[in-house]
Amino acid sequence: MGAFGHYLSAHFATLRLEFWGLLVGGLANGFIYAMVAIGYTLVYGVLRLINFAHSEIFMSGGFASYFVMKAIIGTSVPSGLASVGLVILGILVGGTASAGMALLLERVAYRPLRKRHAPKLAYLISAIGASYFLFNLAGKEFGRYNLSIPSPYINHTVFTIFGANVQMYYIVILIAGVIMFVTLDRIVAKTKLGRSIRAVAQDAETASLMGVNIDRTIALTFIIGGIFGGAGGFLFGLGSGVVYTMGFTPALKAFTAAVLGGIGNLRGAVIGGLILGVAESFSIAFVQAAFIDVVAFAILLLILLFRPTGILGERLGRSA
Amino acid sequence: MKAFVKRPFVSHLLTSIGAMAIFELMTGPPGSSTTPTAGFTGSFGERASFFGLFATYRFVVFLALAVIVSGVWTLWQSRGSVIKHGVNTGLARPRAAWQLKPVRTGFFLALFIFALFLPHLETDPYWQSVMVEEIAVYVLLALGLNVVVGFAGLLDLGFVAFYAVGAYVTAWVTGALPTPAPFGIHLNAFFAIPIAIALVMIFGVLIGLPTLRLRGDYLAIVTLGFGEIVTIFANNQYGITGGSEGTNAIPHFSIHLWFIHYVWGLAPVPYYYLTLAFVVVFIIVFSLLEHSRVGRAWTAIREDEVAAESIGINPLKYKVMAFAIGAASAGFAGVVTAGQTIFVNPQSFTLPVSINILALVIFGGMGSIAGVVVGAVLIQTVSMYLLHSPPAGYQSSDLYIYLGAALVLMMIFRPAGLIPSRRRRREIGMAEAGEGHMDEVLTGDTP
């Protein structure tokens, strides 16, 4: 074995030792990526366009829940039912704020262009402008330091799995994620709203002839994506705190997750998020901490070059 | 209620109030993490004096502005065509004159002569260094990005990477980096110019070959990632790039010919003339390119890639060319920056710089060389003025709030830019009328 073989075996030993811990942490991150990826994938499904400002939708959820949590919890340490209620409240607040932001964004940065049938380049530029506007405005209004959300629960180890500690934070993410993903899956598959989203994604003109209100459907798509992004912002903030630039890296990774699972494909976004979270977590055993973000980007580039339709395939307009 | 809100006058007024509220927040005092509401209450409730004319609460002034804006807007919708017609007839003669080649050449020559004398007209040291570091360099960067975004229609959000490579290559060949200079020779910064330009162009080809196969929106996000990676790499490889401190030992440009020994110092004026010369060279080269076979190929790809391919244009080849050619001017910009400021570090080459350059191109007019130069000079001058003598409440990073807003507003109201390229304007018009095949959003599946 040469030097490279030696390098690999040493790092695989680290991976074996840390396997379960990395897996748990990676899955938790993966759920958050998946939540944000839902927003990318839904909007892509309907508009065929990457919502570059989704990172700021995520950020506004984080900030809104930070302020509410800080006002309610302060310095106390909630436990029991209060914790459950506070987590639900945080998700609701984050989701509402982000949904509002998403709606505003659609109105201001996208709808005027849509009415003019502007070329795609215009949307991208407008979205990038909106994103820069929003996060720098947040930096101006709320300061440029990382603020940690007061924890609504005691972050103790709930149980251990093969020596890996599973903390309350991971349990919260898991439960919130599963409930939200299943609900969304059912909404898109069964309800009238879901049907109109699928119809617009399939063929907007025909859908409008069939009586689907396109503007309303697009707005609702942004709102649903916003709710998931905001919930993700809150959960992310619980772990890493909120700061005006918090959206950039998670959003880039969530976008990778969406492409990895197959853009436009809701279940793909979830699977892509989980795979990306775990892959990134395992890569900690192999590369310097500073290059973790590069790993996700390398995955994005490889997927785009060799399988641009992702794992489950692009699915626009079909159920889930 | 809904019908009431939908009435033009009411909806104009509500939109204007919303826009003015946002404007008020942008220009208002900052908040902080401990007092998150200070910015909001201050923006609306603070008493401020407006140009010393009168002092009142900010919200009063902005409400009045909103009423004026909505009034003008309503008037514009009913009487706008008359005004437009008047402006058009008034401008008919100057526009016709502008079509004549000697008039245009004369105008640009006059501008050039003005630029030549500028360092002697403005002798303030702050503005002299701004002329080089923030204006001339950004004109070069904008010219380069214009080739990529304007000519070839490729949205590159990591353009700063080329700038960074240019600067780091300069540091490398002059022997200022931990990486040993090639062959152990510490070159004069002048010799870094061709080497940096050549290496940056190669770097452009290397990045372009894999990424330019991707669709437009994917390209944007991938180039964004590449821009970040260059920064991460420069930040973390102490042995190669000097890490986050970079280097501050780059020698100034110097001339040693037999008995002439002349070393440029920190004084910006010589660099200004060097950069100006290259700006002129790049303008000439790029405008020749625009009207050459290559430029026509770019236009064809931009307007309809499938059709271009079917008449024998290899899209990938021409896109990679656009990347490499656009990168060349950014590479030179890097050399000037490194040679004048004598330091490079990763903090000077972050994503906001890419967005800043993009804003210059979009504001001036994609694909319009005159527009890009004017846009770059205007925006950079204003932003440097704001930095130099900031109005109350303005922080240096607020610049990106304004640039972001400018990008959105330009896309909504004037997508072809301040001085539109004739061809670009036609294309956007055609796309909006549903002709041509520039890709649109939400029209079902375009072939």
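In which kind of crossing, left-handed or right-handed, does α2(B) pass α4(B)? Keep that in mind as we walk through this predicted model.

**Stop 1: two packed helices.** Select α2(B) together with helix α4 of chain B, residues 58-99. Their axes lie 8 Å apart, and the helices pack at an angle of about 140°. Angles over 145 degrees would count as roughly antiparallel, so α2(B) is oblique to α4(B). As for the opening question, α2(B) passes α4(B) in a right-handed crossing.

Now show the side chains. On α2(B), look for contact residues including F9(B), L13(B), I17(B) and F23(B). Facing them on α4(B) are, among others, F62(B), L65(B), V69(B) and W73(B). The residues of this contact divide into 11 nonpolar, 5 polar and 2 charged.

Stop 2: Next, select residues 254-257 of chain B, which form strand β3, and residues 260-263, which form strand β4. These strands run antiparallel and are joined by 4 bridges. To see one pairing, pick I255(B) and its bridge partner in β4(B), Y262(B). The hairpin has 2 residues between the strands, and W258(B) takes a positive phi near 45° there.

**Stop 3: where the chains meet.** Finally, display both chains. Their contact takes 49 residues from chain A and 51 from chain B. On the chain B side, elements giving two or more residues include α2 (8-27), the helix from our first stop, and α9 (216-236). Color α9(B): this helix supplies the largest share of that side, 11 residues. The chain B side divides into 30 nonpolar, 15 polar and 6 charged residues.

How values were computed:
Residues numbered from 1 in each chain as written. Chains lettered and ligands numbered in written order. Predicted model: local features only at pLDDT ≥ 70, side-chain atom pairs only at ≥ 80, totals over all residues. Contact = placed C-beta atoms within 7 Å. Nonpolar A, V, L, I, M, F, W, Y, C, P; charged D, E, K, R; others polar. Pairing = 2+ DSSP bridges. Axes fitted to C-alpha atoms, helices over the stretch in contact; angles between N-to-C directions. Parallel < 35°, antiparallel > 145°, perpendicular 65-115°, else oblique. Left-handed = near helix turned anticlockwise from the far one by under 90°.
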